[in-house]
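I opened this notebook page to record what I looked up on aromatic rings and on one helix with its surroundings. The entries follow the order in which I consulted the structure.

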Amino acid sequence: MRLFAVIVLCVSSITAHADTMNMVDLLNVPSVRDGQLSPNDDKILFVKSVADWAENKNVTSIWQVDTNGNNMMQVSTNATNATSPRWSPDGKKIMFISKRGADDVNQVYIMPADGGEALRLTDHKTAVTSATWSQDGSLIYFIAAQPKSKTEQENEASGDDIYKFEQNYKQKHLWKVSVDEGLETRLTYGDFSVTSYKQSQDGKKIVHSRAPNPLLDAALESEIWIMDSDGTNAGQVTENKNPESRAELSPDNKTVLYLSWTDENDVPYFENNLFLISANGGTPRQMLGNFDQDIQQAHWSQDGERIYFKANMGVHNELFEYTLESAEIKQLTNGDHTVSSWHYNARRNHHLMSIRSEHNNGDFWHMASNDNEPSRITNIYDYLKRDFDLPRQDIVRWKGADGVDIEGTIYYPHDYDASKRYPLVVQTHGGPRASDQWGGLFSSTSYAPILAAHGYVILRPNYRGSLGYGDDFVRDMVDSYFNQSHLDVMAGVDHLIEAGIVDGDKMVKMGYSAGGHMTNKIITYTGRFKAASSAAGTVNWISMYSQSDTRIYRTPWFGGTPWQTDAPIETYWDHSPLKDVAKVTTPTMIIVGGADVRVPKEQSIELYRALKSNGVESDLYIVPREGHGWRELRHRLGKMNLEMTWFEKYVHGREFEHETVSSDNENSETTVVE
């Protein structure tokens with residue numbers, strides 16, 4: 001078999017291999033996603049994202065490779081981003097979304113599957129999203145927001161642009177465009193937004209979600225609808241006050257499967273469960289019995305007798321098969337890995353998945369219906385283990401303060417010596433409805449290779465409130481956000497100290513988003529950490545409730561809103577780190593995106609003002625233009641430099657030399673080497 005490796009040409013790749021991975025190396029690690037099997041399962045398409053230092057951002061392109069691993073080739077250029085590749089039903093064409101040339105917004109492009117020029121199909125006034133082929137290949141469906149009216153455009157141009165807060169959105173609707181003529185037709189009308197959709201297997205129906213508006217909190221009022229493929233005969237299927245996701249019609253179009261965070265009584269904030277409901281509506285049925293893990297994705301088999309699904313198992317994700325008649329659940333994958341993106345071809349009963357493992361960021365694997373295990377397709381990440389001395393990852397388990405089993409991931413420093421004790425960095429994940437898993441080494445938010453290279457042990461605990469450990473575990477935060485979660489973190493710290501791994505006098509606490517919330521709680525709970533970094537963290541749940549762009553999770557955390565009659569205001573305040581901020585002694589660096597609407601910068605300002613007023617060493621960094629997910633490479637590099645400087649100063653009393661981007665990286669280009 002001919003093997004292809006993808007590298008970035010720079011000085012480090014043609015000289016002696018570095019012993020350890022530096023920050024720029026880490027940011028240069030590509031990511032792959034959205035793998036798509038061809039109709040006959042002999043090829044795949046996928047999206048690859050690489051660092052472009054000259055543009056100060058990641059650029060995405062589309063790649064193709066045979067399922068046996070041969071003939072890897074780049075389909076689209078790096079000059080313009082291209083995403084969402086989809087095979088035509090006959091496998092002869094490729095559709096993708098891109099903004100190129102004179103385009104003002106993303107449009108649909110089509111090109112021959114065997115190579116050639118990509119031609120723009122749509123000329124829509126607003127950005128096209130969620131594009132899919134019709135079953136016969138004659139149409140492409142897509143979602144797009146309504147354009148601004150002529151009056152709105154004129155008012156903007158003249159500066160007469162005062163707007164109502166959270167009422168200046170545009171509803172999103174479903175469209176179709178003919179592949180031959182490029183004729184666009186709108187399918188849905190009304191004062192609502194189509195937030196997702198999926199065609200039936202026979203192409204006659206479209207199941208979709210309608211929300212009152214496109215804002216995040218509208219998900220609570222979103223409902224599942226079904227209509228004919230031409231937009232007629234629309235009917236509502238569900239009626240509740242909880243979000244549903246990933247709705248899909250059975251092959252006979254009589255039953256809808258969907259996922260929701262409710263139990264069988266429609267009570268919210270459980271692990272995501274799998275439900276079936278009649279296409280005509282009625283009472284949904286919760287499936288999978290006592291299977292008590294978070295369901296992330298599910299699909300019908302072609303015969304409708306089975307449902308395949310992906311579930312969060314704590315430190316790993318796996319694929320499963322559920323047989324409806326027998327209610328038997330069969331696990332299809334298992335290992336020290338995380339099944340990441342997953343595509344299922346129902347017509348051929350084949351699976352495509354990316355799998356992250358200790359030193360692999362997610363190469364693609366293929367699994368046919370008669371295979372006992374998946375087989376590897378790509379070798380994109382082989383260079384990581386070959387070229388770098390990477391830290392070892394393992395799973396660590398301990399007891400919480402109340403005796404409940406807790407686990408997390410641990411990374412060991414280079415040349416780890418079990419007879420020595422090491423400084424510790426505790427990193428808590430975001431969400432908090434998430435979990436740290438196998439294969440999380442290459443996150444630039446937590447940069448374990450950099451910390452390990454500087455002698456730190458890294459602990460990532462899956463504290464109470466994390467997914468993959470059952471309903472009781474995730475619901476520990478209901479009516480009490482910091483109930484056991486922070487105690488779970490500290491119990492893990494003590495476990496590593498008692499095991500002789502960690503030096504309890506040299507510890508750091510850091511985290512982003514919900515991980516930042518936890519950092520803010522921990523520094524008010526204990527002074528045992530020498531330094532801390534709070535990134536996009538909440539300090540005052542009362543003000544945060546109205547400042548953020550979403551409240552869906554926060555209402556069940558605290559038992560209501562802070563402004564309702566008989567508001568649970570004491571619960572909000574009792575779980576706000578600001579209440580106990582006078583206890584903080586830990587030097588704390590604070591950093592937040594200046595355009596973050598999920599955890600607005602005002603929360604970080606409140607924390608900074610309090611710490612400075614109380615004489616605690618603290619610096620606050622506002623990162624321009626960044627929302628909750630940072631896009632600019634130099635900002636991500638800057639965060640690592642600032643935090644490492646802070647940690648090294650307060651843990652070791654030494655200076656840290658900032659890493660910079662070399663001209664080799666700025667002028668590098670992605671090349672395929674045979």
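I began with the aromatic cluster: W261, Y269, Y481, F482, W541, Y545, Y553, W557, F558, W563 and Y572 form one such cluster. I took rings of Phe, Tyr and Trp (its six-membered ring) as paired if their centres lie within 6.5 Å, with planes under 30 degrees apart counted as stacked, over 60 as edge-to-face and the rest as tilted. I note that this is a predicted model, in which local features need pLDDT of at least 70 and side-chain atom pairs count only at pLDDT 80 or more, while totals for chains, interfaces and linings use all residues. Residues are numbered from 1 along each chain as its sequence is written, and side-chain values use heavy atoms, with hydrogens and water left out.

I counted 29 aromatic pairs by this rule. For F291 and F320 I noted ring centres 5.1 Å apart and planes at 75°, so this pair is edge-to-face. F291 lies in the loop between strand 21 (285-286) and strand 22 (294-300), and F320 in strand 24 (residues 317-323), so the pair ties together parts that are 29 residues apart in sequence. Helices (H or I, at least four residues) and strands (E, at least two) are DSSP runs, numbered from the N terminus. Both F291 and F320 are buried, that is, under 20% relative accessible area, where exposed is over 50% and partly exposed in between (1.4 Å probe, protein chains only).

I then looked up charges over rings, meaning NZ of Lys or CZ of Arg within 6 Å of the ring centre and within 35 degrees of the ring normal. The charged end of K48 sits over the ring of W63, 4.6 Å from its centre. That of R392 sits over the ring of Y412, 4.1 Å from its centre.

Next I turned to helix 7. Of its 14 residues, 10 are buried, so helix 7 is largely enclosed by the rest of the structure. Among the buried residues are H486, L487 and L496. After helix 7 comes G500, with a positive phi near 80°.

Finally, I examined helix 7 against helix 8. They pack at an angle of about 70°, with axes 10 Å apart; axes are lines fitted to C-alpha atoms, for helices over the stretch in contact, and angles run from 0 to 180 degrees between N-to-C directions. Helix 7 is therefore roughly perpendicular to helix 8 (65 to 115 degrees; under 35 is roughly parallel, over 145 roughly antiparallel, the rest oblique). S485, H486, L487, V489 and M490 of helix 7 make the contact with M518, K521, I522 and Y525 of helix 8, contact being heavy atoms within 4.5 Å.
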